[in-house]
Amino acid sequence: MKTEWTGSDIWLRRYFSLGELPGDKLRLRLFHDEDTEVYLNGVPAVKVRGFVKSHVLLELSQEARKALRVGENTIACLLYTSPSPRDA
């Protein structure tokens, strides 16, 4: 990651291509240690709170599944962090 994280949140974005649309079994594998929002092509896909100790498999919103298209797509994540006692 080349972006320096200096605030309480950060946006991360990646582009990916699909040769065909995935079936109904599409899931997102995610590891997060604070609140996180995930978007597919600008449509909310998953919103989680808190942290987990290992990867979790999450179902995407129906709207986000419908937003996927053959060709180029965008996945964007809005990540939040709480102030650390070290930052005080």
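Visitor: How do I read the surface of this protein chain, and what share of it belongs to carbon and sulfur atoms?

Guide: The accessible surface of the protein chain is about 6,700 Å² (Shrake-Rupley method, 1.4 Å probe; for residues, only the protein chains shown count as cover). Carbon and sulfur atoms hold 51% of that surface. Keep in mind that this is a predicted model, where local features need pLDDT of at least 70 and side-chain atom pairs count only at pLDDT 80 or more, while totals for chains, interfaces and linings use all residues. Residues are numbered from 1 along each chain as its sequence is written, and side-chain values use heavy atoms, with hydrogens and water left out.

Visitor: What share of the residues is buried?

Guide: Buried means under 20% relative accessible area, exposed over 50%, and partly exposed in between (1.4 Å probe, protein chains only). Here 33% of the 88 residues count as buried.

Visitor: How much of the contact count comes from residues 24 or more positions apart?

Guide: A contact means heavy atoms within 4.5 Å. Taking contacts with a separation of 6 or more, 69% join residues 24 or more positions apart.

Visitor: Which residues does Ala 76 contact?

Guide: Look in strand 6, residues 71-80, where Ala 76 lies. Ala 76 is buried, at 10% relative accessible area. Setting aside neighbours within four places in sequence, its contacts are Trp 11, Leu 12, Arg 13, Glu 37, Val 38 and Tyr 39. By contrast, Lys 53 is 23 residues from Ala 76 along the chain, and their C-alpha atoms are 22 Å apart.

Visitor: Where are Asp 33 and Glu 34?

Guide: Both belong to the loop between strand 2 and strand 3. Asp 33 is exposed at 57% relative accessibility, whereas Glu 34 is partly exposed at 22%. Not counting residues up to four places away in sequence, Asp 33 touches Gly 50 and Phe 51. Asp 33 and Phe 51 are 18 residues apart in sequence, yet their C-alpha atoms are 4.0 Å apart. With neighbours within four places left aside, Glu 34 contacts Gly 50, Phe 51, Tyr 80, Thr 81 and Ser 82.

Visitor: Which residues form a salt bridge at 3.1 Å?

Guide: Those are Glu 59 and Arg 65, again taken N to O. Glu 59 is exposed at 53% relative accessibility, but Arg 65 is buried at 18%.

Visitor: What does the side chain of Ser 61 reach?

Guide: Find the loop between strand 5 and helix 1 (62-67), where Ser 61 is located. The Ser 61 side chain reaches the backbone oxygen of Pro 44 at 2.7 Å. Ser 61 is buried, with 18% relative accessible area. Apart from residues up to four places away in sequence, Ser 61 touches Pro 44 and Ala 45.

Visitor: Is phi of Asn 41 positive or negative?

Guide: Most residues other than glycine have a negative phi. Asn 41 has a positive one, near 50°. You will find Asn 41 in the loop between strand 3 (36-40) and strand 4 (43-48). Asn 41 is buried, at 18% relative accessibility.

Key
Helices (H or I, at least four residues) and strands (E, at least two) are DSSP runs, numbered from the N terminus. A salt bridge is a side-chain nitrogen of Lys or Arg within 4 Å of a carboxyl oxygen of Asp or Glu. A polar contact is a pair of N or O atoms within 3.5 Å; within protein, one must be able to donate a hydrogen and the other to accept it, and residues adjacent in sequence count only if both atoms are side-chain atoms.
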